[in-house]
Amino acid sequence: MTKLRVQVLVYVNINRLAYDLTIVGGGIIGCATAREMKCRHPELQIAIVEKEDGIAKHQTSHNSGVIFTGLFYKSDCVKAKMCSDSMKQVYEYLCKNDIPHKKSGKLVVAQTEDDICELNELYESGLENKCPDIQLVERECIANFEPKCKGKKALWCPWTGNVDWSTVCHRFARDFKEMGGVIHENFKVAGFAEAIESKGTRELHPLCVHSKNQYMHTKYVLTCAGLFSDQLARMSDCPPYPKVVPMRSEYLKLRESRQCLVQTNLYSLSKTTKYPFWSLHFNQGVNGEVILGPNAVFAMSREGYAWRDVDLQHCSSLAACPGYHRFWTKNFVVGVNQFARSLVPRLSVNEAKRYIPPLTPDDVARGPTGVSAIAVDRDGYAIDDFVFDNGPGRIGQRILHLRNVPSPGASGCMTIAKFLADKMEKEFKF
């Protein structure tokens with residue numbers, strides 16, 4: 001009986017589910033990279049495996065929907081150039097494929113003298129990052145860009161836009177499938193193994209990717225698993241760090257009758273709410289909805305979109321992680337402040353009133369939430385750079401784990417996809 005079962009699995013894997021490259025994760029990075037690889041190498045058999053019953057279910061569809069220009073990043077960092085380059089490609093792609101979007105612009109507002117110093121530095125950094133058409137705005141001209149906004153000085157970034165990144169991801173997936181790519185949904189990867197029948201040969205597909213009750217054979221694997229990136233890496237014996245700390249971002253939304261209070265993307269400046277805690281901002285979606293936030297709190301589950309979403313195994317795993325404790329020690333004060341805002345939305349409204357004085361607590365309701373994968377090192381620092389890993393042995397050399405993507409991953413998706421494709425061509429000899 002056992003022999004028969006093994007023979008059936010081998011038949012299915014080799015004749016029906018055998019690929020040159022398997023990408024784990026159906027978010028925007030996974031889909032953009034699969035599309036890029038298929039464009040470059042149409043002869044390759046490429047598959048995406050996704051644990052959900054559809055793609056773009058998590059970080060891709062639970063964000064502010066902003067197209068960033070690279071304004072907030074240091075000029076010498078890789079992601080500033082990636083964001084700037086990808087922004088141009090994204091706009092071209094959106095227009096070419098008739099994907100709804102708005103080039104709404106962004107107004108970054110200074111409220112104090114310290115803010116003005118930071119704003120001037122931001123302007124200089126934006127020029128170095130080649131953010132197009134940015135300009136400083138004096139106090140008396142702020143109303144020309146945002147009529148109800150108050151501030152001492154501002155920075156206008158006209159190329160910031162808004163889009164539903166889930167829609168973009170689905171279009172990437174459609175392109176990929178039209179070129180012959182395959183997407184397997186409801187396939188939660190449980191491990192990687194060396195295929196027994198391929199030992200000592202190079203012609204067959206030497207890796208076996210398996211879920212609880214499914215198998216497939218492949219030559220190489222790229223994992224883009226976001227909130228589960230550390231778990232996937234551990235499956236091929238990679239080190240435990242960086243560890244993913246899931247942070248839930250909670251937004252308020254302006255009631256429909258009060259959406260007229262904000263006409264663009266409005267951002268604050270605050271030295272006390274640096275990454276991984278985000279400064280206050282208003283964003284206007286493509287459907288006209290205006291969201292305010294976010295505050296950031298620890299998620300009790302990797303996909304914990306509400307306080308009731310609790311995974312005890314996940315919590316106990318983090319509780320035993322020294323890097324997690326060091327992370328919260330470093331961010332304790334601001335973390336408590338964010339927790340208070342989660343419980344009392346009025347606190348966020350009070351801060352927002354400094355920018356939009358007519359705003360009142362009655363103008364808002366609880367809005368969407370998202371969970372971000374914050375990669376933390378052993379010393380408790382949030383990592384703001386790409387992290388790749390392989391793992392030891394014959395299995396590890398055929399698997400490339402993307403363990404961290406610098407924010408904002410969605411805005412930089414097309415350039416990140418090219419970067420990953422270049423890396424795979426070099427490491428996997430495609």
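Leaving out residues up to four places away in sequence, Ile 67 touches Met 87, Val 90, Tyr 91, Leu 94, Trp 159, Thr 160, Gly 161, Asn 162, Val 163, Trp 165 and Ser 411.

Some housekeeping before we go on. This is a predicted model, where local features need pLDDT of at least 70 and side-chain atom pairs count only at pLDDT 80 or more, while totals for chains, interfaces and linings use all residues. Residues are numbered from 1 along each chain as its sequence is written, and side-chain values use heavy atoms, with hydrogens and water left out.

Okay, the core. By nonpolar core I mean a set of buried Ala, Val, Leu, Ile, Met, Phe, Trp, Tyr and Cys residues joined through side-chain atoms within 4.5 Å. Buried is under 20% relative accessible area, exposed is over 50%, and partly exposed is in between, using a 1.4 Å probe and protein chains only. The largest nonpolar core has 44 residues, and Ile 67 is among those that touch the most other members, along with Ile 28, Ile 29, Trp 165, Val 168, Phe 172 and Cys 413. Which elements give two or more residues to this core? They are strands S1 (18-24), S2 (46-49), S12 (215-223) and S19 (399-404), plus helices H2 (28-40), H3 (78-96), H6 (165-178) and H13 (413-428). H13 gives the most, with eight residues. Those labels are DSSP runs numbered from the N terminus: helices are H or I with at least four residues, strands are E with at least two.

Now to how the helices pack. Two packed helices are described by the angle between their axes and the distance between the axes. Here the axes are lines fitted to C-alpha atoms, for helices over the stretch in contact, and angles run from 0 to 180 degrees between N-to-C directions. Under 35 degrees counts as roughly parallel, over 145 as roughly antiparallel, 65 to 115 as roughly perpendicular, and the rest as oblique.

First pair: H2 and H6. Their axes come within 9 Å and cross at roughly 30 degrees, so H2 and H6 are roughly parallel to each other. The crossing is left-handed, a term for when the near helix is turned anticlockwise from the far one by less than a right angle; clockwise would be right-handed. On the H2 side, the residues that meet H6 include Ile 28, Cys 31 and Ala 32, and their partners in H6 include Trp 165, Val 168 and Phe 172. By class, this contact has ten nonpolar, no polar and three charged residues. For those classes, Ala, Val, Leu, Ile, Met, Phe, Trp, Tyr, Cys and Pro are nonpolar, Asp, Glu, Lys and Arg are charged, and the others, Gly among them, are polar.

Ile 28 and Ile 29 are among the H2 residues here, meeting H13 residues including Cys 413 and Met 414. The classes in the contact of H2 with H13 come to eleven nonpolar, one polar and six charged residues.

Beyond four places in sequence, Thr 60 touches Gly 27, Ile 28, Trp 165, Ser 166 and Cys 169.

Ala 56 is also in the loop between S2 and S3, and it is buried at 5% relative accessible area. Its backbone is worth a look. Most residues other than glycine have a negative phi, and most peptide bonds are trans. Ala 56 has a positive phi, near 60 degrees. Lys 429, in the segment after H13, also has a positive phi of about 60 degrees, but Lys 429 is exposed, at 69%.

As for peptide bonds, a cis one joins Tyr 241 and Pro 242, with omega about 5 degrees. Another cis bond runs from Gly 293 to Pro 294, with omega near -10 degrees; Pro 294 sits in strand S16 (residues 290-298).

That's my tour, thanks!

How values were computed: Contact means heavy atoms within 4.5 Å.
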